[in-house]
Amino acid sequence: MLNLPDSLYPDPIQGDNSVMSNGGAPANNNGPCDGASKAIDWPSASVEDLVVLLREPEHREKAISSLTHIKEVLSIYKSLTPEKLTMKDSIQIHCYLYPFLETEETSKPFQYLRLMSLGVIGGLLKEVGDPSTKVAVHCLLESGLFPLCLKSIEYGNELSQSTASWIMSRIMMQEQGLQYCCEPANRLCAIMKVFNDVIEKMQDEPSTTVLKNIIQCYVILSDDPSRGCLLLRSFIPPILTTAPYIEALRARPITLKNLQDLFQKLSMGCGPNAEALVMLQVPHILIAS
């Protein structure tokens, strides 16, 4: 009977090329279903081939699982019938990328999958003033993208961290996105913790691209006087004012200026009760820069 290989690629340790030559089938099979033992040419596989797989108990489970995945993929094509997808349809398709953002794997293949998924999703947020961007932000928040961006910052490489933090800044630029981040307070604390962790981990070699996007997020959050600005006073990492980070940001003067303005804003307090707050001092290193 037909024996499907576990992989289309031969085991380099065993040095057996039979997988590629005959699909892993026995070299000699004189049973009543000898014709079924021949390797299947999958691009031109016939219904009869599928019948064989479904008939054999050892292959039936895999065959049914494959059919289930095919059914899921084919279901997407119903949404692709119109020449122009609605934003809602587009977001639903992007949800199929979320498993690549949920993983905590850090190997190179998963990093590629994570980065490409973030890049596709980021394409929905390029135009800040476009009405479709507001719809996109609503759908992305409803579908649970924001926690996945935080996970991508935790487990992704520099490119994934940069893309995920850029997506977060674009979401925060919308009123609904800023409100989502600041309410409830524990959600904002979780965001601050992830940002602080990634900033501290890069102290040997700060990434200006990641810093640029995170500082942009800080600046946007400071526009919320009720929670964002207040929590920033407690959570913004002082390490940002140390020499390695300042020297790295000199290559991005606009970002460095944003950081200086942010500390000045926080030092003046937030909201109508600013006078009652303990004043922060703008670090000398920022002023000197």
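Let's start with Arg-250, which is partly exposed, its relative accessible area being 39%. Keep in mind as you look around that this is a predicted model. Which residue does Arg-250 form a salt bridge with? The partner is Glu-247, and the closest N and O atoms of the pair are 3.1 Å apart. Glu-247 counts as partly exposed too, because its relative accessibility of 49% falls between the 20% and 50% cut-offs.

Why would two side chains like these pair up at all? Side chains of opposite charge can pair when their charged atoms come close. The structure holds five salt bridges, so let's visit a couple of others.

Find helix H11, which covers residues 185-201. Here the side chains of Lys-193 and Asp-197 meet in a salt bridge, at 3.0 Å from N to O. The two are about one helical turn from each other, because they sit four residues apart in that helix. Are they buried or exposed? Lys-193 counts as exposed, with 52% relative accessibility, while Asp-197 is partly exposed at 28%.

Now for a pair that links separate stretches of the chain. Lys-265 and Asp-223 bring their side chains together in a salt bridge of 2.9 Å, N to O. Lys-265 belongs to helix H15 and Asp-223 to the loop between H12 and H13, so this pair ties together parts that are 42 residues apart in sequence. Lys-265 itself is partly exposed, with a relative accessibility of 28%.

Next, have a look at Arg-233, in helix H13 (residues 228-235). Arg-233 counts as buried because its relative accessibility is 14%, and buried means under 20%. Where does its side chain go? The side chain of Arg-233 reaches the backbone oxygen of Leu-266, at 2.2 Å.

Time for some empty space. Rolling a probe the size of a water molecule over the atoms shows where such space is left. The second largest pocket has a volume of about 180 Å³. It is lined by 13 residues, and the closest to its centre are Lys-212, Asn-213, Gln-216, Thr-255 and Asn-258. Which helices each supply at least two residues of this lining? They are helix H9 (158-172), helix H12 (208-221) and helix H15 (253-267).

Last stop: the surface. Phe-100, Phe-110 and Leu-113 make a nonpolar surface patch of about 220 Å². Leu-113 comes from helix H6, residues 108-122, and is partly exposed, with a relative accessible area of 36%.

Technical notes
Residues are numbered from 1 along each chain as its sequence is written. This is a predicted model: local features need pLDDT of at least 70, side-chain atom pairs count only at pLDDT 80 or more; totals for chains, interfaces and linings use all residues. Side-chain values use heavy atoms; hydrogens and water are left out. Buried means under 20% relative accessible area, exposed over 50%, partly exposed in between (1.4 Å probe, protein chains only). A polar contact is a pair of N or O atoms within 3.5 Å; within protein, one must be able to donate a hydrogen and the other to accept it, and residues adjacent in sequence count only if both atoms are side-chain atoms. Patches are made of residues with over 30% relative accessible area and no salt bridge: like charges are joined within 9 Å, nonpolar side chains (Val, Leu, Ile, Met, Phe, Trp, Tyr) within 5 Å. Accessible areas come from the Shrake-Rupley method with a 1.4 Å probe; for residues, only the protein chains shown count as cover. A salt bridge is a side-chain nitrogen of Lys or Arg within 4 Å of a carboxyl oxygen of Asp or Glu. On a 1 Å grid over the protein atoms alone, a cavity is a set of points where a 1.4 Å probe fits but cannot get out, and a pocket is an open set with protein on both sides within 12 Å along at least five of seven lines; lining residues have an atom within 4 Å of a point. Grid points are joined across faces, edges and corners, and a volume is the space filled by probe spheres set on the points.
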